[in-house]
Amino acid sequence: NHVKGLRLTYHIQMRKYHEAIFKYFPGGTKVTDPQGGHVLWIELPPLIDAIELQQRSIEKGVAILPGSIFSAQKRHQHCVRIGCCYPFDKPVEHAIEILGSLAHEMM
């Protein structure tokens, strides 16, 4: 029963992350729907360089991982990975809003 409750809690939490990303990020952004884990893969519009987004987000106190570090062939330059293990709350939503705002600026 405990595990079932945790699954539901994390499912709801991941949905909230998804909703915030679609609310704040530019149109054309795609997000994975993982079957397990607490990580989302975000595919941004091709004009956005994920390494530059990472550098700008760090200046604002928000950490992301650029997709290119997960590819030996230097692919996924417009993708980022974010962890969703933290409960979705106002500070988390604000961090996603910051990322979305930066992504809009880079368009």
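Mentor: Start with a cut-off: a residue is buried when its relative accessible area is under 20%, and exposed when it is over 50%. This is a predicted model. Of the 107 residues of the chain, 36% count as buried.

Trainee: What makes a set of residues a nonpolar core?

Mentor: Two things: the nonpolar residues must be buried, and side-chain atoms within 4.5 Å must join them. The largest such core here has 25 residues, and Ile 21, Phe 25 and Leu 40 are among those with the most contacts inside it. Helix 3 gives the most to this core, with seven residues.

Trainee: Which residues does Leu 40 touch?

Mentor: Leaving out residues up to four places away in sequence, Leu 40 touches several, including Met 14, Tyr 17, Val 80 and Ile 82.

Trainee: How do you know that the radius of gyration agrees with a compact globule?

Mentor: Compare two values. A compact globule with 107 residues would have a radius of gyration near 13 Å; the chain has 14 Å, so the two agree.

Trainee: And what pattern does the chain follow along the sequence?

Mentor: Three helices and four strands, in the pattern α-β-β-α-β-β-α.

Note on methods. Residues are numbered from 1 along each chain as its sequence is written. This is a predicted model: local features need pLDDT of at least 70, side-chain atom pairs count only at pLDDT 80 or more; totals for chains, interfaces and linings use all residues. Side-chain values use heavy atoms; hydrogens and water are left out. Buried means under 20% relative accessible area, exposed over 50%, partly exposed in between (1.4 Å probe, protein chains only). Helices (H or I, at least four residues) and strands (E, at least two) are DSSP runs, numbered from the N terminus. Contact means heavy atoms within 4.5 Å. The radius of gyration is taken over C-alpha atoms; the globule rule is 2.2 Å times the number of residues to the power 0.38.
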